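Please take a moment with the sequence and the picture below, and then we will walk through them together.

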Amino acid sequence: MNKRFAAAAAAIGGFALTLTACGGGTGAGTAGGGSASSSGAAEKVTSIKLVAAEYSKENTAAFWTKFAEAYKAKTGITLEVQVVSWNDIDQQSSTMVQNNNPPDILNLNVYASYAKDDLLWSADDVLSDAVKSDLLPNFVKSGTYEGKMYGMPDLSSARALFYNKDLFAKAGIAGPPKTWDEFVTDAKKISALGNGTVGYAMPLGPEEAQAEYSIWMFNNGGDWKTDGKWSINSPQNVETLKFLKDLSVTQKVTQNNPGKTNRTDGAFALFQSGKAGMVVGFSPLAGTLDKDAKVSYGTAAMPTKDGGTPSTYGVTDYLMAFKKPGNSEAVKAFYDLYYSPDQVNTFIKNEGFLPVTQSGLKVFASDTKLTTYLDTLTGAKLTPTDDPGWDRVKLAVQQSIGAAVAPDGDPQAVLDSLQKQAESGS
Amino acid sequence: MTATAPGSGAGTSRAGLGVTALWLGPALALIVGVVLYPAVELVRASTSDYSITGLRKGAAGADNYRRVLEHPDLSTVLLNTVVWVAAVLVLSIVISLGLAQLMSKEFFGRRLLRWAVIVPWAASLVITARLFMLLLDYNYGIVNQVLVASGIVDTPVDFLGDDRFTMPSMIAVGTFVTLPFTAYVLLAGLKGIPDDVYEAARMDGASPWQAYSRITLPLLRPALMVATVLNIIYVFNSFPIVYTLNDRNPGFAHDTTITFMYKLAFKSAEKSVGMSAAAGVFNVLLILVVVLAYLRISNWKEATDA
């Protein structure tokens with residue numbers, strides 16, 4: 001082998017390697033300098049770090065900066081804040097744990113896997129009784145893993161059916177549908193208006209497929225787990241997914257290719273532009289619609305299969321605390337301050353979400369725009385976030401439900417395969 | 001790349017050795033920090049067992065490698081990668097040959113053309129990809145509006161959601177962003193061909209086509225090879241375009257090995273740092289083998305010495 005060739009090959013190999021090494025990261029960056037000193041278990045920390053998810057560009061960072069000032073004033077402990085976009089936060093948090101350098105507090109939409117890995121403080125250690133008893137019971141339940149609460153809810157949201165009042169009037173529909181049959185009839189009337197109008201904008205693409213499917217599933221009496229066992233491929237669930245496929249393939253009342261439409265830039269965008277008759281939305285969408293003042297919309301409970309009592313799909317995100325030497329008191333002080341009504345309700349109000357505490361419910365009750373959601377919030381059904389297996393099942397659902405509603409999709413097979421995956425994983 | 005070890009043996013005295021170390025230091029530090037350290041970490045991660053949270057639970061031996069090789073979508077991903085790299089490479093070289101020819105001629109507006117060609121290179125790939133997402137959108141995209149308004153199609157084309165169009169759309173965008181670099185490398189190559197060779201050819205009665213195929217192309221060979229090798233690596237490793245244009249599609253139907261690696265770590269049900277690292281090691285080996293094979297076949301030394 002000649003030397004020149006070898007040198008060129010080595011140089012190119014190195015180049016390729018460097019690119020590949022960077023390729024996976026897409027600018028993740030590691031977890032910055034360690035915040036807490038870990039020199040001794042007894043020694044108390046003088047600074048803790050919060051990694052928070054960015055709910056909105058305008059409000060999130062501003063809130064936490066002010067919060068850090070209040071925290072410092074109250075406790076004398078520095079709170080280092082890092083706000084990360086939802087797109088990057090999984091990657092960042094994984095990198096931090098991988099490098100054995102987690103933050104003290106992490107704001108994320110899952111927690112059970114972290115609890116399972118024994119990385120977190122439980123509420124017994126870091127949450128005062130007054131705070132715990134103020135939290136809404138269904139969120140305490142969803143934050144509890146193996147009898148202990150690890151996932152402290154930071155805010156919540158509940159879904160509702162959004163409908164375009166102008167399109168409803170044009171199609172001669174009196175009010176929002178209460179049953180699936182009415183839903184199909186109404187959606188057909190709206191699609192028949194033509195001009196690119198669709199009855200129902202259905203986002204089953206990878207972004208939030210589990211949410212869109214969940215709310216339909218709950219309103220057909222189905223669930224992800226029944227009596228502690230996975231029931232993903234139960235007859236009702238198969239029926240629900242078949243119904244969603246029919247909406248697109250047979251009835252043709254959805255937008256083109258719903259299995260490959262994401263929520264934010266797909267279904268919501270269609271509704272915001274006035275082209276969709278119905279969409280499943282939540283309070284931040286209402287905020288955007290109010291700001292645009294372009295679409296006259298109403299909100300209603302989801303239709304159920306036979307007109308029974310509707311269920312809503314609730315979501316809560318979590319503030320979890322990592323066990324690090326000497327940080328338990330600082331963490332406890334963090335929660336005490338966060339759950340004081342001034343802080344938690346301000347945060348939630350700014351971001352346009354829903355409360356997680358009994359006291360918060362009372363504060364928000366005066367806002368009539370939120371009535372649709374607040375009425376259903378305490379009864380809202382959540383995905384099984386208390387099961388670490390769900391963290392993986394959720395990803396599998398996001399990557400496969402969309403395929404089930406394609407013209408050649410097979411709802412039964414997709415749900416069977418998810419059921420198998422869930423059973424083998426947990 | 002950076003300076004290679006001189007091996008001159010000049011520094012026999014202690015002082016000489018120190019000076020040598022001083023001069024070599026930065027380059028060595030760079031190689032160790034940027035190439036060796038990540039490589040070692042990558043291999044270490046690929047042989048470790050990670051929890052879904054990223055917590056290292058112990059050694060995994062070759063398990064991660066086995067799981068990547070047994071992945072049901074691996075063949076789809078590999079085929080996608082071959083199609084993606086080959087199509088973007090061939091299209092961008094062919095189009096760039098024409099563009100470089102055009103840019104090398106004196107004409108009114110040449111400066112404008114040169115600027116226009118460099119612009120896609122200057123824009124961030126993520127932004128370019130997002131822009132094309134808007135242009136190609138089913139409901140509002142201007143491409144579809146033009147196609148429908150002009151009667152070419154009756155209903156809009158789902159460029160990014162329809163399985164038949166997703167890869168071609170990604171290739172079109174990939175080619176668009178690869179053109180500037182390729183065209184400029186070839187332009188530099190063209191500038192390096194002396195005029196008197198063409199003059200001699202004309203005197204001997206060569207037709208323009210003969211001049212092009214017998215003189216321009218052979219003399220462009222070093223430039224073509226540089227463009228090819230760098231583009232293979234660059235297109236193979238390209239993440240933003242494939243990821244952004246494909247982000248609405250569930251599963252791995254249109255992923256290349258690079259986005260496959262990313263999804264294994266963060267998006268798919270596997271969510272495994274170890275598996276992703278193993279896929280990363282395969283990626284490095286794959287690109288190394290492809291590039292070395294290309295260099296061998298094309299006789300790199302002979303061409304670059306010419």
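Which share of the contacts in chain B with a separation of 6 or more comes from residues 24 or more positions apart? Such pairs account for 68% of those contacts, where two residues are in contact if their C-beta atoms, placed from the backbone, lie within 7 Å. In chain A, among contacts between residues at least 6 apart in sequence, 75% join residues at least 24 apart.

Before going further, two notes on reading the model. This is a predicted model, in which local features need pLDDT of at least 70, side-chain atom pairs count only at pLDDT 80 or more, and totals for chains, interfaces and linings use all residues. Residues are numbered from 1 along each chain as its sequence is written, while chains are lettered from A and ligands numbered from 1 in the order in which they are written.

**The two chains**

Helices (H or I, at least four residues) and strands (E, at least two) are DSSP runs, numbered from the N terminus. A residue is buried if 20 or more other C-beta atoms lie within 10 Å of its own, exposed if 12 or fewer, and partly exposed in between, with C-beta atoms placed from the backbone. Here are the two chains by these terms.

The C-alpha atoms of chain B fill a box of roughly 80 × 75 × 30 Å, taken along the principal axes.

How confident is the predictor about chain A? Its pLDDT (the predictor's confidence in each residue, from 0 to 100) averages 89, and 90% of the residues score at least 70. Residues 5-41 of chain A stay under 50, and the model has 74 contacts beyond four places in sequence for them. Where pLDDT is low, the predicted coordinates should not be read in detail.

**Two domains in chain A**

Domain bounds come from an automatic or database domain assignment. For chain A this assignment gives domain 1 (47-157 + 315-377) and domain 2 (160-311 + 387-425). Their C-alpha centres lie 29 Å apart, and 14 residues of domain 1 of chain A are in contact with 14 residues of domain 2 of chain A. On the domain 1 side, the elements that give two or more residues are helix H4 (112-116) and helix H17 (371-377) of chain A.

Two strands pair if DSSP finds at least two bridges between them. An open sheet of 5 strands in chain A has the order S2-S1-S3-S13-S6, with mixed pairing. Strand S2 (78-85) and strand S6 (152-158) of chain A stand at the edges with a single partner strand each, so one side of each has no neighbour in the sheet. The twist averages 15 degrees from one strand to the next; axes are lines fitted to C-alpha atoms, for helices over the stretch in contact, and angles run from 0 to 180 degrees between N-to-C directions.

Strand S1 (residues 47-54) of chain A pairs with S2(A) in the parallel sense over 8 bridges. One of the details is that A:Ala52 has A:Val83 as its bridge partner in S2(A). Helix H2 (residues 60-75) of chain A packs on the sheet, touching S1 and S2 of chain A, and its direction makes about 170 degrees with that of S2(A).

**A covered strand**

Now turn to strand S7 (residues 160-164) of chain A, which is mostly covered, with 5 of its 5 residues buried. S7(A) runs antiparallel to strand S11 (residues 276-281) of chain A, joined by 4 bridges. S7(A) also pairs with strand S12 (residues 297-300) of chain A in the antiparallel sense, over 4 bridges. A:Phe162 has A:Val279 as its bridge partner in S11(A) and A:Thr299 as its bridge partner in S12(A).

Is A:Ile190 buried or exposed? A:Ile190 is buried, because 23 other C-beta atoms lie within 10 Å. This residue lies in helix H9 (residues 180-191) of chain A, and among the residues that A:Ile190 touches are A:Leu167 and A:Gly277.

Most residues other than glycine have a negative phi. A:Asn195, in the loop between H9 and strand S8 (198-200) of chain A, has a positive phi near 60 degrees. A:Asn195 counts as exposed, with 5 C-beta neighbours inside 10 Å. A:Asp227 has a positive phi of about 50 degrees, and is exposed with 6 other C-beta atoms within 10 Å.
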